[in-house]
Amino acid sequence: MILAKIFTVSQVTYYLKNLLEKDQRLQNIWITGEISNFTRHSSGHMYFTLKDQSSRLRAVMFKGENQWLKFQPHDGLEVLVCGRIAVYQKNGEYQLYVDLMEAAGLGSLYLAYEQLKNRLAQEGLFDQAKKKPLPQLAQKIGVITSPTGAAVRDIIKILHRRHPRVDILLIPAQVQGEVAPQSLVEAIQLAGRLRELDLLIIGRGGGSAEELWAFNDEGVARAIASCPIPVISGVGHETDFTIADLVADLRAPTPSGAAELAVPEIKELRKKIMMSAKNLKFSFFRACERKRAQLLRLTTHPALKRPERWLLSRRQQVDEVKEELLRYIQTTLEKKRKLLLVELGKLDALSPLSTLARGYSICYKEEDGALVRDASEVNPGEKVKIILSRGQLLCMVEEAKKEVMG
Amino acid sequence: MTENLMEKTFEEALVRLEEIIRKLENGELSLEESLKLFEEGIALARHCNLKLDEAQGKVEVLLGIEDGVIRTEEFQPEEE
């Protein structure tokens with residue numbers, strides 16, 4: 001009987017472990033694959049499976065390594081990992097211990113950027129409603145950037161060109177490298193505590209995506225979002241869109257652009273005030289004109305303007321009454337006249353003139369005009385006047401006879 | 001009125017000035033009210049101009065805050 005050597009499970013596993021871990025090719029190996037069954041344990045370690053069309057490989061990335069990840073791994077993500085293959089003795093399984101992980105395709109930085117952007121967007125950090133209005137005329141502007149380099153010089157130059165009297169407080173910060181995010185956060189928080197600032201510019205000049213990376217930091221984004229002072233960002237070039245740009249109250253394409261947007265051109269502003277003052281005078285003038293026109297309307301009202309017209313109409317009334325009165329008087333007079341004529345007719349019948357016409361005559365003494373009715377009233381030689389129907393006779397009495405006839 | 005005019009920021013003064021112009025244009029005010037607004041408007045325009053001259057154009061660099069006191073010094077950008 002051949003007694004074969006009998007091994008324990010542990011011994012075989014240990015043997016395999018040594019076999020694998022001795023192979024240098026497996027100890028520093030780059031592998032590409034798709035993440036599936038991803039879990040992050042409460043300890044902070046990440047467990048997942050890397051797979052391709054035909055095979056699977058168990059993998060773990062410990063907290064010590066994964067804390068440096070800029071993006072959040074998830075199922076379905078194509079990654080490029082670097083690590084070593086080893087055996088997990090307890091389960092007797094070989095697995096990949098991941099040291100580095102990069103997102104395939106888009107690149108890790110981009111992925112981290114996208115993920116943070118989506119997360120902050122969902123939190124509402126980019127909402128337009130959260131944007132603080134910029135002051136039209138900032139008196140004192142905080143500038144957070146590197147105290148060296150072209151960006152700070154450009155910002156100061158442009159601010160003072162547009163508004164020579166604006167006060168500028170530079171709050172120096174590291175704008176690239178490992179310490180940059182923390183440095184920026186501290187500067188922003190500091191600026192937020194300075195009540196005298198009414199606007200903040202955060203920026204840096206152009207650079208590579210990695211050099212601008214601090215402006216994609218979550219802490220920096222949150223510091224900007226909670227800064228009580230309105231913030232203008234101006235990072236890199238026109239084409240660079242950082243998270244800081246998205247969360248800032250206003251994004252400028254460049255640091256110089258931020259300075260342009262920060263203050264109005266003082267000349268423009270003076271012009272605007274002058275225009276306003278002009279408009280004020282003009283509109284006041286017009287308001288006065290309207291009042292004047294109103295007054296004119298009232299004063300030229302016929303009742304006030306031509307009092308004599310009123311008088312004329314009254315006079316006309318008087319005239320009319322007068323005329324009526326006159327007519328009344330005339331008709332009355334006419335009636336009376338006719339009446340009179342009738343009476344006169346009657347009177348005519350009794351007139352001595354008609355008696356004279358019948359051949360009688362009247363005799364007066366010439367001396368005293370006394371009517372002579374009796375022949376004895378005159379003496380011969382006296383002169384008498386005899387009134388005939390037509391004409392009169394002046395006579396000398398020759399004889400006075402008492403008898404009527406003879 | 002003068003007191004709270006001095007407290008107004010540049011924007012507030014400008015906004016009030018525009019509001020006054022609108023009111024005057026509307027033409028529903030009494031002459032006395034118009035005159036009062038006009039005087040206020042003139043004062044606002046003057047105030048705005050003063051505000052433009054208020055700052056001094058200083059450029060300082062923040063050195064730090066100690067016990068709530070801000071320490072700064074004049075900033076001299078290095079020459080190119």
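Which element gives the most to the lining of the second largest pocket? I will get to that after some ground rules.

This is a predicted model, where local features need pLDDT of at least 70, side-chain atom pairs count only at pLDDT 80 or more, and totals for chains, interfaces and linings use all residues. Residues are numbered from 1 along each chain as its sequence is written, chains are lettered from A and ligands numbered from 1 in written order, and side-chain values use heavy atoms, without hydrogens and water.

Pockets first. A pocket here is an open set of points on a 1 Å grid over the protein atoms alone, where a 1.4 Å probe fits, with protein on both sides within 12 Å along at least five of seven lines; lining residues have an atom within 4 Å of a point. A volume is the space filled by probe spheres set on the points, which are joined across faces, edges and corners.

The largest pocket holds about 760 Å³. It has 25 lining residues, and closest to its centre are A:Leu69, A:Lys70, A:Trp213, A:Asn216 and A:Asp217. Helix H4 of chain A, residues 108–123, gives the most to this lining, with eight residues. Helices (H or I, at least four residues) and strands (E, at least two) are DSSP runs numbered from the N terminus. Domain 1 (9–111) and domain 2 (138–263) of chain A each supply at least three residues to the lining of the largest pocket; those bounds come from an automatic or database domain assignment.

The second largest pocket has about 230 Å³. Among its 13 lining residues, A:Trp68, A:Leu69, A:Lys70, A:Met101 and A:Glu102 lie nearest the centre. Helix H3 (63–66), strand E5 (93–103) and H4 of chain A each give two or more residues to this lining. So, back to the opening: E5(A) gives the most, with four residues.

Between E5 and H4 of chain A is a loop that contains A:Gly105. A:Gly105 counts as exposed because its relative accessibility is 84%; exposed means over 50%, with a 1.4 Å probe and protein chains only.

Last, the sheet. Seven strands form an open sheet with mixed pairing, in the order E10(A)-E9(A)-E8(A)-E6(A)-E7(A)-E1(B)-E2(B). Strands E10 (250–252) of chain A and E2 (69–74) of chain B each have a single partner, so one side of each has no neighbour in the sheet. Two strands pair if DSSP finds at least two bridges between them.

Notes. Buried means under 20% relative accessible area, exposed over 50%, partly exposed in between (1.4 Å probe, protein chains only).
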